[in-house]
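This report describes selected features of one structural model. Please consult the sequence and structure shown here.

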Amino acid sequence: MKRILVTGGAGFIGANFVHYLIEHSDAHLTVLDSLTYAGNLASLQGIPGPRLTVAIGDITDAPLVDELVATSDAVVHFAAESHNDNSLFDPRPFLDTNVVGTYTLLEAVRRHETRFHHISTDEVYGDLELDDPNRFTDTTPYNPSSPYSATKAASDMLVRAWVRSFGVRATISNCSNNYGPYQHVEKFIPRQITNILAGVRPKLYGAGANVRDWIHVEDHSSAVWEILNRGTVGRTYLIGADGEKSNREVLQSILGLMGQDPEAFDTVTDRPGHDLRYGIDASVLRTELGWRPAHRDLSAGLGQTISWYRQNAWWWEGAKAGTEQRYLLQEAAHA
Ligand code: NAD
Ligand code: DAU
């Protein structure tokens with residue numbers, strides 16, 4: 001695979017994937033990204049010019065998508081509207097990008113018989129009780145809760161239909177919550193780190209009992225690269241690193257690592273329909289492809305992430321005030 005098209009490559013996970021492939025492959029990468037509020041070309045700084053082409057455009061633009069797919073050996077599809085809170089406020093862009101955008105890409109890879117990997121989320125499976133001994137597997141029924149997760153579920157179904165009906169050579173991965181560098185300050189971990197750096201008390205939704213299954217973004221990249229190269233076409237792979245923690249535990253780790261009082265946070269109105277717990281069983285990925293996460297210590301990973309945000313304020317400061325303004329408007333709308 002010499003020419004890889006990465007949609008959403010200026011976003012958090014897409015940009016980390018591009019950096020990962022620069023280091024771990026000799027592929028030429030083309031990023032297709034419309035640079036929404038979540039896209040930032042600064043996340044691609046430092047990548048050698050000959051290895052990267054950037055196309056600024058929309059994945060719903062069929063002629064543009066067709067032209068880029070025609071000259072690619074594989075497509076890795078990260079582009080999405082990705083934030084649950086935004087989807088509760090204005091679902092429309094989620095339908096356009098996550099559903100119509102995925103359809104547009106599928107039609108192009110069908111025409112050009114191009115290998116396709118679809119990036120999806122564990123949220124398509126809904127949530128688990130805190131004491132449920134089972135975790136999500138590729139046979140767990142779909143049961144999405146938010147407009148975001150419903151549109152990701154719809155996109156997964158489109159991919160499965162295009163594989164079965166048209167023989168598209170696609171794989172799907174459903175990953176748990178990522179953390180690491182270049183994550184937008186609207187998301188839980190960077191929002192709290194940058195609040196503390198700005199002298200503002202972190203904000204915990206509800207009682208903070210909700211559990212997320214954290215994985216370092218570099219491990220997500222290595223898993224996707226394995227699946228793209230060695231995965232079975234038509235298969236769905238769940239990606240996770242056994243990282244379940246409550247939001248309160250994660251926040252208190254961050255506060256401790258940043259030398260703050262562990263109780264120095266505010267509890268705020270809960271997210272409507274807030275999923276209680278996600279938990280991934282990644283044993284198929286481990287046994288079939290031999291994949292292992294490199295980052296197994298969440299506290300160490302959080303420490304590195306905190307250092308990254310401390311040292312790269314230039315990257316996030318411009319987005320911080322607007323993001324917090326958006327949260328205030330969303331809170332008022334839900335009140
Ligand atoms: P992000 O919001 O940080 O980045 C999304 C990128 O897509 C941005 O660069 C944005 O400009 C681009 N984009 C949005 N709409 C577009 C359009 N119509 N055309 C072209 N580009 C467009 O998202 P992320 O957190 O990096 O998530 C990437 C993918 O991974 C998504 O598909 C998401 O569902 C999935 N995912 C995320 C997580 C997580 O923890 N963040 C976990 C599992 C799966
Ligand atoms: O599980 C994978 C999903 O993880 C991805 O599909 C999504 O794209 C990604 O955004 C993420 O979804 P979450 O809703 O779990 O992530 P978020 O960072 O928004 O919130 C994580 C948890 O923290 C969630 O339980 C809500 C809570 N939270 C969030 C924010 C922003 C807070 O308590 N306070 C906050 O300020």
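## Basis of the model

This is a predicted model, in which local features need pLDDT of at least 70 and side-chain atom pairs count only at pLDDT 80 or more, while totals for chains, interfaces and linings use all residues. Residues are numbered from 1 along each chain as its sequence is written, and chains are lettered from A and ligands numbered from 1 in the order in which they are written.

## Shell around ligand 2

There are 19 residues around ligand 2, with Ser 82, Thr 121, Lys 187, Phe 188 and Tyr 205 coming nearest (near: C-beta atom, placed from the backbone, within 6 Å). The shell divides into four nonpolar, eight polar and seven charged residues (nonpolar: Ala, Val, Leu, Ile, Met, Phe, Trp, Tyr, Cys and Pro; charged: Asp, Glu, Lys and Arg; polar: the others, Gly among them).

At least two shell residues come from each of α6 (188–197) and β8 (203–205); β8 gives the most, with three. Helices (H or I, at least four residues) and strands (E, at least two) are DSSP runs, numbered from the N terminus.

## Helix α8

Within α8 (residues 247–257), Asn 247, Val 250, Leu 251, Gln 252 and Ile 254 are buried (20 or more other C-beta atoms within 10 Å of the residue's own; exposed: 12 or fewer; partly exposed: in between; C-beta atoms placed from the backbone). These buried residues pack against α6, β8, β9 (211–213), β12 (244–246) and α10 (298–311) (contact: C-beta atoms, placed from the backbone, within 7 Å).

## Positive phi angles

Most residues other than glycine have a negative phi. Glu 113, however, has a positive phi near 55 degrees and lies in the loop between α4 (92–112) and β5 (115–121). Tyr 182, likewise not a glycine, has a positive phi of about 70 degrees and is placed in the loop between β7 (178–179) and α6.

Glu 113 is exposed, because 10 other C-beta atoms lie within 10 Å, whereas Tyr 182 is buried, with 22.

Methods:
Two residues are in contact if their C-beta atoms, placed from the backbone, lie within 7 Å.
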